[in-house]
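Thanks for making time this morning.

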Amino acid sequence: MDQTILDRVRNLISNLMRVPLEEVTISSSPSTITTWDSLQHLNLILSLEETFGLQFSPEETIELLNVETIVLLIEEKKGA
Amino acid sequence: MFNKTERRERFPSLMKIVDLISTQNPLQSKRIEVFLDSRDERYYSYAENLCKTLERSFLTTNEDWATAARSYNRTCMDLLREQIRFRKTGSYLINAAGQAHNDIYSQPDIMNYYMMGLLFSYLFWRNHYDILCFFQDYLQTISIEKYLEIAPGHGLFTIEALKRSPQIEVALMDISQTSLDVTQDLLKTFNADTSKFKTICGDFLKEPVGEQSMDFVVMGEVLEHVNEAPEFMRRAYRWLKPGGTLFMTTCANCPAFDHVYHFHDVSAIRDLLRGAGFEILRDIALPAENVPEAKWQEQLVTINYAAILQRK
C-alpha cells in the first residue's frame with residue numbers, strides 16, 4: 001500500500017471529520033469515526049477527487065466506506 | 001424525548017427497522033440516531049403505529065423487514081450518489097420525464113424498492129416528517145368530500161386523508177400502472193377499501209380535466225418529475241372547486257435519478273405557483289442540511305418545500 005496516499009487520506013479525513021490524526025487508521029470507517037455521516041461522506045468524496053485530481057464513478061462513491069478501500073482505489077486509478 | 005432503553009421497550013416495531021437499517025448502512029445509522037434523539041411523543045406514536053400496521057400485513061416475515069431496510073438504504077445511497085454528481089455538475093442527471101418513465105416508473109423492481117424507500121423516508125428524514133406533520137395539521141382544519149391525488153406513490157398522504165375523513169371519494173391518477181399497483185398494495189395494508197377508489201392511469205397533462213370537481217387535490221413530490229411544471233399547476237387549478245385547496249410538495253436543488261424539473265430556489269417555486277393562479281395560504285421551506293439561508297444557493301443545498309394553495 002502506498003504510504004504517501006495513505007497519509008494524505010488520513011490527513012484529509014482527520015481535517016474533514018474533525019478527529020485527531022492518530023485516530024484515523026487503515027481500518028477507519030463510518031463505524032469507527034462518529035462524525036463520518038452521509039453528508040460528510042459526500043464532502044469526503046469531493047475532497048478526495050480534488051486532492052488527488054481524479055474522478056470516482058457514481059457506483060464507486062458509495063463503496064468507499066473505509067480508509068483501506070479508499071487508498072486501494074486511488075492507487076488503482078493513479079496506477080501507483 | 002425517549003432514551004434508547006425506553007425506545008426499545010415502547011416502540012419495538014420502529015426499532016426493528018431502525019436496527020436493520022443501521023446494521024446495513026452505518027452512514028444512515030448516525031443520521032437516524034440524531035433524528036430520533038430529538039423526536040417527541042407525536043413522532044414515536046405515529047412511527048410505531050405505521051410500523052405495526054406494516055408488520056401485520058405487508059412485512060410479515062423477517063426477510064420482508066430486511067428487504068424493506070435494504071430498500072430504504074438503497075434509496076438513500078441512490079440519492080447520495082446523485083447529490084455527489086450534482087455538486088460537481090450543478091445539473092440533474094436527466095432532463096426528460098419520458099426517460100424516467102421508461103427507465104424507472106415502468107420497472108416494477110425499481111418501483112417496489114423506491115416506493116418502500118420513500119415511505120420510510122417519512123419516518124427518518126426530518127424534512128419529510130415535518131412535511132407530513134404540516135399535511136396532518138392542515139387536514140384538521142378542513143372538510144373534504146372529493147379528493148384527487150396525483151402520483152400517490154407510497155400512499156401515506158391518502159391514508160392520512162382517509163383517517164381524517166373516511167367517507168371521502170378518492171381518485172388517484174398516475175402515469176404509471178406499475179406505480180398505481182404499488183400504491184394500491186400499500187393502501188390495502190392500511191385496510192383501505194381500494195375497490196371504491198377511482199384510479200386513472202394516464203398523463204395528467206393529457207387526461208380530460210374534471211373542471212371544478214374537487215375539494216382537495218394532493219400532489220406530493222410531483223413537479224420535480226415533470227417537464228411542464230407550469231402547465232401542470234394550471235391544470236391542477238382547473239380541477240379545484242372555487243375556494244378548493246391543494247397540498248403540494250416539491251424541492252429546489254434536489255437531485256435524484258428521476259428528477260427533471262430543476263427549481264434553483266424557493267422563490268422560483270412560489271412564482272410558478274402564483275403564476276398558475278393560486279394563492280399560497282401557507283408554506284414551509286426546509287433545508288436538508290444545517291446551513292444558513294444566505295448560503296443555500298451558494299452551497300446548492302437541497303430545499304424541501306410544501307404549500308397549501310387555494311383556487312381564488
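Predicted model: local features only at pLDDT ≥ 70, side-chain atom pairs only at ≥ 80, totals over all residues.

How many residues does the contact take from chain A and from chain B? The contact takes 13 residues from chain A and 13 residues from chain B, where two residues are in contact if their C-beta atoms, placed from the backbone, lie within 7 Å. Residues are numbered from 1 along each chain as its sequence is written, and chains are lettered from A and ligands numbered from 1 in the order in which they are written.

Back to the contact, on the side of chain A that touches chain B, the elements giving two or more residues are helix H2 (38-52) and helix H3 (58-61) of chain A, and the largest share, six residues, comes from H2(A). Helices here are DSSP runs (H or I, at least four residues), as strands are (E, at least two), numbered from the N terminus. By class, that side of chain A has seven nonpolar, five polar and one charged residues; Ala, Val, Leu, Ile, Met, Phe, Trp, Tyr, Cys and Pro count as nonpolar, Asp, Glu, Lys and Arg as charged, and the others, Gly among them, as polar.

Now chain A by itself. Chain A has four helices and zero strands, and its C-alpha trace spans about 30 × 25 × 20 Å along the principal axes. A compact globule of 80 residues would have a radius of gyration near 12 Å, and the 11 Å of chain A agrees with that; the radius is taken over C-alpha atoms, and the globule rule is 2.2 Å times the number of residues to the power 0.38. Buried residues make up 29% of the 80 residues in chain A, buried meaning that 20 or more other C-beta atoms, placed from the backbone, lie within 10 Å of a residue's own.

As for confidence, the mean pLDDT of chain A is 91, with 99% of its residues at 70 or more, pLDDT being the predictor's confidence in each residue, from 0 to 100. Within chain A, confidence is lowest in H3(A), at a mean of 78, and highest in helix H1 (residues 3-17), at 95. H3(A) is also one of the elements on the side that touches chain B.

Turning to chain B, we find twelve helices and seven strands. Its radius of gyration is 19 Å, close to the 20 Å that the globule rule gives for 312 residues, so chain B is as compact as a globular protein of that length. Of those 312 residues, 43% count as buried.

The domain assignment, whose bounds come from an automatic or database source, gives domain 1 (4-90 + 116-122) and domain 2 (123-310) of chain B. Their centres, taken over C-alpha atoms, are separated by 22 Å, and 22 residues of domain 1 are in contact with 16 residues of domain 2. On the domain 1 side of that contact, H5(B) gives the most, with seven residues.

Finally, the largest nonpolar core has 111 residues, of which Ile17(B) and Val217(B) touch the most other members; such a core is a set of buried Ala, Val, Leu, Ile, Met, Phe, Trp, Tyr and Cys residues joined through C-beta atoms within 7 Å. Here too H5(B) supplies the largest share, ten residues.

Definitions and conventions: Buried ≥ 20, exposed ≤ 12 C-beta atoms within 10 Å, placed from the backbone.
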